[in-house]
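Colleague: Hi! I'm new to this one, could you walk me through a few spots?

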Amino acid sequence: MSDTTTTAGEKRSLRDIDLRAVAPFVALAVLLVLGALVNPNFLGMDNLLNVLTRSAFIAIIAVGATFVISAGGLDLSVGSMSAFVAGVMILFMNSGAVAGIFPMLAAAMLLAVVVGGLCGLANGTITTVGRIEPFIVTLGTMGIFRALVIWLAEGGSIAMKAPDLRAAYRPVYFGNVLGVPIPVLVIIAVGLIGAFILYRTAFGRHVIAVGSNEDVARYSGIPVNRVRTLTYVIQGVCVAIAVLVYVPRLGAATPTTGLLWELQAITAVVIGGTALRGGVGRIWGTICGALILEVVGNIMVLSDLVSEYLIGAVQGAIIIIAMLVQRSLMRRR
Amino acid sequence: MATAFANETATPSDRPLLEAVGISRSFGPVEVLSNINLALMPGEVHAIIGENGAGKSTLMKILAGHLPPTRGTLKIDGEPVAFTGPVDAEHRGIVLVHQEILLAPDLTVAQNIYLGREIRKGLTLDDRAMNKGAAQAVHSLGADIEPTTVVGRLSIAKRQLVQIARALLVPQRVVIFDEPTASLTLTETDALLKVIGEIRRRGAAVLYISHRLPEVKEIADRVTVLRDGKLITTRDAEGLEPVDMARLMVGRDVAKLYPDRVAAIAPTLALEVEGMNVPGYAENASFVLKKGEILGFAGLVGAGRTELLEGVVGLRRGSGKVKLNGHPVHFVTPRDSMRAGIVYLSEDRKGKGLLLAQDLRINVTLAALGQFVRGLLIDRKKEAAALDGAITEFDIRTRRKDLLAGQLSGGNQQKLLLAKMMLLNPDIVVIDEPTRGIDIGTKEQIYKFIADLAAGGRSVIVISSEMPELIGICDRIVVMRGGRIVGEVTGDRMTEDEIVVYATGVTSREAASMAGHA
Amino acid sequence: MRKLLLGSVALGLMLAAGVAQAQEKKTIAVSIPAADHGWTGGVVYHAEQEAKALEARYPGLKVIVKTSPDGASQANALEDLTTQGIDALVTLPHNSDELTDPIRQVKSKGVFITVVDRALTDNTVADLYVAGNNPALGRVAGAYIKEKLNGKGNVVVIRGLPIVIDEERNKGFDEGIAGSDIKVLDRQFGNWSRDDAFKIMQDYLSKYPQIDAVWTQDDDMAVGVLEAINQAKRTDIQFVIAGAGMKDMIKKVMDGDKMIPVDILYPPAMVAVAMDLTAAGLYDKLPVRGSYILDATLVTKENASQFYYPDSPF
């Protein structure tokens with residue numbers, strides 16, 4: 001190739017980079033305006049905080065998914081994993097193995113993070129050492145985790161039994177600090193840590209390199225399998241953090257916990273501007289994508305325009321339109 | 001052979017088949033081609049030479065319908081035309097054989113050759129006819145490739161041949177070759193040149209772009225020189241020597257391609273490899289590398305040179321004894337060998353060397369990232385400084401520093417790859433095909449750089465299919481054939497004849513006739 | 001609770017087939033959905049409990065309980081069960097359209113068919129049909145709300161999934177509130193999931209400043225609804241009416257929780273009733289053909305203890 005193409009590419013890339021990062025936020029802003037038009041209550045503080053808080057699970061999980069996908073992988077098991085981690089955590093709290101409310105909560109949280117990390121480690125190890133497509137591996141573990149929850153729950157639900165523990169834990173979802181709901185603070189914290197790891201550390205650079213071109217990474221001396229595996233561990237830990245926020249909400253894990261979360265998380269990642277083929281990761285875009293998903297659902301319920309039978313179709317259409325807007329922003333010169 | 005070409009009946013005349021009149025092309029404010037006039041006559045081989053960035057690629061893309069010109073017109077048989085795209089151009093008989101491999105790796109050779117123009121029998125595909133046609137097309141290029149082989153399993157050279165075979169399947173008026181021989185062996189190059197002769201005989205025109213000036217000298221009827229987007233001259237090849245061409249391209253006298261060097265080889269052994277086996281590729285290979293030495297690896301494509309060295313540095317599974325500075329070592333991963341001070345620069349710059357979709361800074365520090373981490377953080381200022389250093393030291397020509405690696409020209413990509421690996425400050429550098437697809441000016445720089453490495457006390461291994469380059473820069477050359485080391489030449493015995501004897505196993509007379517064109 | 005109500009128990013005539021022995025070897029297959037939410041979890045629990053009880057009661061009887069995650073795998077399970085040689089099949093089909101034919105296949109092998117909860121598209125396939133009363137579940141809820149709100153007020157509804165059962169309950173509800181000034185502000189699908197019901201209730205609370213009562217038609221979803229109301233600290237909502245008979249909700253009714261004054265029964269234990277009747281038909285030659293429709297009993301503080309199963313997972 002010659003310098004001539006270089007000149008052409010130069011112009012395009014400058015605009016691309018800016019727009020790609022900005023596009024999801026533009027889409028979110030458009031949705032906010034749309035929501036305000038549909039129902040004035042939409043912009044109420046309570047409603048916005050509700051939506052923001054609710055998006056925490058998907059947002060946190062999707063930050064983990066950003067790592068996995070940037071490295072060229074995929075994790076379909078996150079929804080089932082959430083239910084499994086939540087189930088294990090609640091059963092542990094019900095066991096009364098640790099005395100005292102706060103020591104118990106701390107121990108349970110630690111346990112959840114360890115279990116999540118181990119689940120991720122299992123996904124990562126099977127994928128890299130077994131050299132199996134991540135799609136298949138995580139489809140398998142998706143079924144395994146889900147079945148384990150149902151088994152643990154004996155088909156019913158796993159609920160927190162001790163009322164004092166429940167009362168002490170409840171504020172983690174419903175409480176706030178200076179008016180900011182705690183789950184929102186958790187999103188911000190996870191986003192900051194995620195962005196720090198992905199953008200500022202050598203590991204993050206290796207993630208991008210592996211997702212960009214595995215061969216180049218290998219020839220550059222990067223331990224490709226280790227990097228891949230660690231992205232799944234990060235995903236598992238993110239799932240566990242989401243569970244830490246999820247459990248205090250309803251105090252239970254049920255067989256429907258986390259159903260289809262994997263698809264929502266992947267959608268959030270893609271809306272956020274991360275490429276499914278790997279090599280690009282956008283943490284804040286991902287979080288924005290999770291917000292968009294939740295806002296779309298909220299607008300649907302708040303509006304009287306759409307029959308309840310058609311909500312799924314309208315949601316799907318809005319997501320596709322949001323992506324089209326993004327793409328056209330990128331193409332524009 | 002003739003059956004492989006689907007050509008129309010040639011009607012030789014003295015009217016140009018394709019003519020460029022006052023063609024200019026700008027990207028934004030930058031004019032990369034200005035006022036080019038070019039006429040391709042029936043039955044001529046017209047070479048276009050120029051340094052990287054001279055505008056060859058752009059001109060080619062305009063002629064083949066990939067890009068519209070900003071100003072000027074194209075004429076076919078004297079009639080002005082405006083191509084709507086490459087398919088339109090192809091319908092009018094303008095065929096471009098790309099330098100980059102554009103094949104579907106999971107399809108077979110025949111499926112690739114007939115992709116988009118499959119032969120049908122009723123509703124189903126006529127695989128037998130396509131396999132037969134593909135076999136003929138490939139055979140006529142002097143290659144022996146099963147049409148049912150999956151392309152992904154072929155070497156780069158063979159993929160290149162498949163690509164040429166694919167291009168030659170449609171009727172041709174003008175065939176444009178973009179560095180077709182960059183990755184071909186002598187035999188394959190010979191066969192290709194014969195094919196070009198055949199195309200010319202049928203009255204089509206051939207536009208030939210190559211950095212191999214002796215090859216241009218041998219095949220071209222006329223030569224057009226581009227420099228900085230301008231047409232410098234179009235001359236008859238008769239009487240134009242490679243050295244003249246080089247001077248016209250560079251715009252000044254090219255001193256000498258290969259650097260003068262006083263070999264500063266120390267008696268100590270930097271690397272000893274004994275009984276190395278890389279399953280399927282190399283068998284029982286033993287060699288040594290001295291400190292300060294430049295060791296060449298010659299052989300035909302597929303002789304196992306790349307795989308042997310990849311086995312040594314831990315990129316492939318292999319077994320054998322390796323000693324570094326006299327100490328036994330065992331590299332399981334490339335990381336191990338890098339830490340021990342050996343780097344390997346892949347022949348596949350785009351596929352294995354650089355992250356084309358990432359920017360220069362990320363590429364240059366990728367292998368040595370550890371040096372740029374302070375605490376947990378990557379020190380971006382230090383990275384930027386490293387990039388600045390690399391740009392200066394390796395003369396990487398880029399308009400801006402935030403470009404993507406894929407936007408650099410081939411020569412600059414090679415320099416970037418060198419810069420990336422040199423950040424590791426290695427004692428031993430293995431460079432595979434250091435100048436493939438690179439113009440003469442950059443070649444000179446890379447040779448000089450390799451010589452400087454050795455002069456600085458490092459040891460270098462160069463794997464190359466270009467014998468003049470090995471002879472020009474190496475102290476000693478090891479020759480491989482069929483996965484084994486079959487010979488070693490040094491001093492006065494470093495001649496093409498001698499090497500070809502080892503590389504092919506044929507007698508030196510046969511070899512001489514084969515190597516004749518180079 | 002196993003009270004016979006509504007509609008016909010059409011009596012099939014006993015076939016003169018010789019004297020049955022209690023020791024006679026018989027096999028009953030039970031094909032039900034896997035536990036994918038609370039209610040089906042209850043079904044699995046009760047089916048397994050009843051299987052043990054029946055095997056104890058009839059020494060020659062073998063009961064195979066098989067759960068399937070979706071309609072297609074249930075069809076496969078039916079084939080597998082049939083090849084093992086069964087005398088009767090008790091099944092709660094995933095959905096009627098998909099499974100009517102596979103069940104017809106089983107019947108053609110001479111197997112006694114008992115269908116639970118979801119009626120097949122062809123009424124002649126089932127020998128015995130045992131079900132809760134979906135229209136009544138909605139009607140009882142509607143009537144209770146109408147009475148408690150004195151015929152006037154704002155109600156929001158959270159539906160389940162768009163399937164027949166859900167439609168029947170909804171129609172029943174509309175009949176229940178008919179002729180009053182009760183206004184249904186909104187209806188949305190909560191997919192019988194606590195998390196979805198929580199979100200929808202949050203959104204309802206943002207959208208409507210004044211809500212008198214909530215009907216969720218399912219106890220699982222009521223959990224999410226209560227949590228959302230609790231969070232918003234809204235006092236306008238007087239009560240939430242759910243249904244099914246989940247132990248936590250029955251407990252609330254027993255304890256006199258103001259937000260959950262009553263529950264409406266749609267017990268997963270209906271599968272046990274069906275198994276019991278089927279076994280009785282096989283061994284005791286009792287005339288059990290026809291339809292058994294369980295009442296949509298209103299569970300109040302007074303009678304709640306009868307319906308409380310603390311050991312059930314649901």
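Predicted model: local features only at pLDDT ≥ 70, side-chain atom pairs only at ≥ 80, totals over all residues.

Colleague: Let's start with strand β3 of chain B. Is β3(B) mostly covered or mostly open?

Modeller: Mostly covered: β3(B) spans residues 45-49, and five of its five residues are buried.

Colleague: Which residues sit on each side of β3(B)?

Modeller: Val45(B), Ala47(B) and Ile49(B) are on one side, with His46(B) and Ile48(B) on the other. In a regular strand, side chains alternate between the two faces of the sheet.

Colleague: And which strand has the bridge partner of His46(B)?

Modeller: That is β10(B), where His46(B) is partnered by Leu207(B). Four bridges link β3(B) and β10(B), which run parallel. Four bridges also join β3(B) to β11(B), again running parallel, and there Ala47(B) has Val223(B) as its partner.

Colleague: Switching to chain A, how do α9(A) and α14(A) pack?

Modeller: Their axes are 9 Å apart, at an angle of about 150°. That angle is over 145 degrees, so α9(A) counts as roughly antiparallel to α14(A).

Colleague: Last one: where is Asp304(A), and why is it called exposed?

Modeller: Asp304(A) is in the loop between α14(A) and α15(A). Asp304(A) has 11 other C-beta atoms within 10 Å, and 12 or fewer counts as exposed. Its C-alpha atom is 9.0 Å from that of Asn39(A), 265 residues apart along the chain.

Key: Residues numbered from 1 in each chain as written. Chains lettered and ligands numbered in written order. Helix = DSSP H or I, 4+ residues; strand = E, 2+ residues; numbered from the N terminus. Buried ≥ 20, exposed ≤ 12 C-beta atoms within 10 Å, placed from the backbone. Pairing = 2+ DSSP bridges. Axes fitted to C-alpha atoms, helices over the stretch in contact; angles between N-to-C directions. Parallel < 35°, antiparallel > 145°, perpendicular 65-115°, else oblique.
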